[in-house]
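Dear colleague,

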Amino acid sequence: MPETQPDLNRFFDVFTQAGDGIDTETLTGCFAESFLAGDASGARPVSRQTFLQALPRRAKMFAEAGVRPAVLDSLTSERLDDHYVLVRTTWTAPRTGGGAPVRLASSYLLHRDELGAYRIVAYLNHEGLPLSRT
C-alpha cells in the first residue's frame, strides 16, 4: 500500500497537535517502540517511553528559551521502498517576545505497517533547539 501525500499530511497533523499539548497517548502511536534520535551531537537509540517522559523537559526548555510551539511549514517525502518513507520537514516556532521566529528542520524515517499506520523509526534534528538528552 503506497503512501500518499494526504496520508503523510494527516500523520504530521496528528503528530504536531499531540506534540503541542504533550498528548503522550497519541504520541505513543506515532513512534516505534524504540527509534534512533539524532542531532549535531550524534545519534542514539531511544525507547519510546524514555522519549515521552522527556517531553515535559523539552517543552520547558522551549518555554525558557521564549519559543512557542512550532508550526509545520513544509513537508517533502521520498518513498524508499514498500515500507519506508523519508520525510523532510521545516518548522517555524514564534518567539513569545516577538522578533524573528526560530527555524527548525527535521527529517523522519517512517515505517508503514501492513495496516497503513506510520511509526517514526528515526528522528533527526537538523536545525533549531537541540534535543534534550534522553
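Leaving aside its neighbours within four places in sequence, which residues is Tyr 108 in contact with? With contact meaning heavy atoms within 4.5 Å, the residues are Phe 12, Phe 15, Val 85, Leu 86, Val 87, Thr 89, Trp 91, Ile 120, Ala 122 and Tyr 123.

Please bear in mind that this is a predicted model, in which local features need pLDDT of at least 70 and side-chain atom pairs count only at pLDDT 80 or more, whereas totals for chains, interfaces and linings use all residues. Residues are numbered from 1 along each chain as its sequence is written, and side-chain values use heavy atoms, leaving out hydrogens and water.

Tyr 108 is also among the residues with the most contacts inside the largest nonpolar core, which has 29 residues; such a core is a set of buried Ala, Val, Leu, Ile, Met, Phe, Trp, Tyr and Cys residues joined through side-chain atoms within 4.5 Å, where buried means under 20% relative accessible area with a 1.4 Å probe, protein chains only. The helix α1 gives the most to this core, with five residues (helices are DSSP runs of H or I with at least four residues, strands are E runs with at least two, numbered from the N terminus).

Eight of the 11 residues of strand β5 are buried, so β5 is largely enclosed by the rest of the structure. Strands β4 and β5 run antiparallel and are joined by 10 bridges, pairing being defined as at least two DSSP bridges between two strands. Thr 89, found in β4, is buried, with a relative accessible area of 3%.

Best wishes

Definitions and conventions. Buried means under 20% relative accessible area, exposed over 50%, partly exposed in between (1.4 Å probe, protein chains only).
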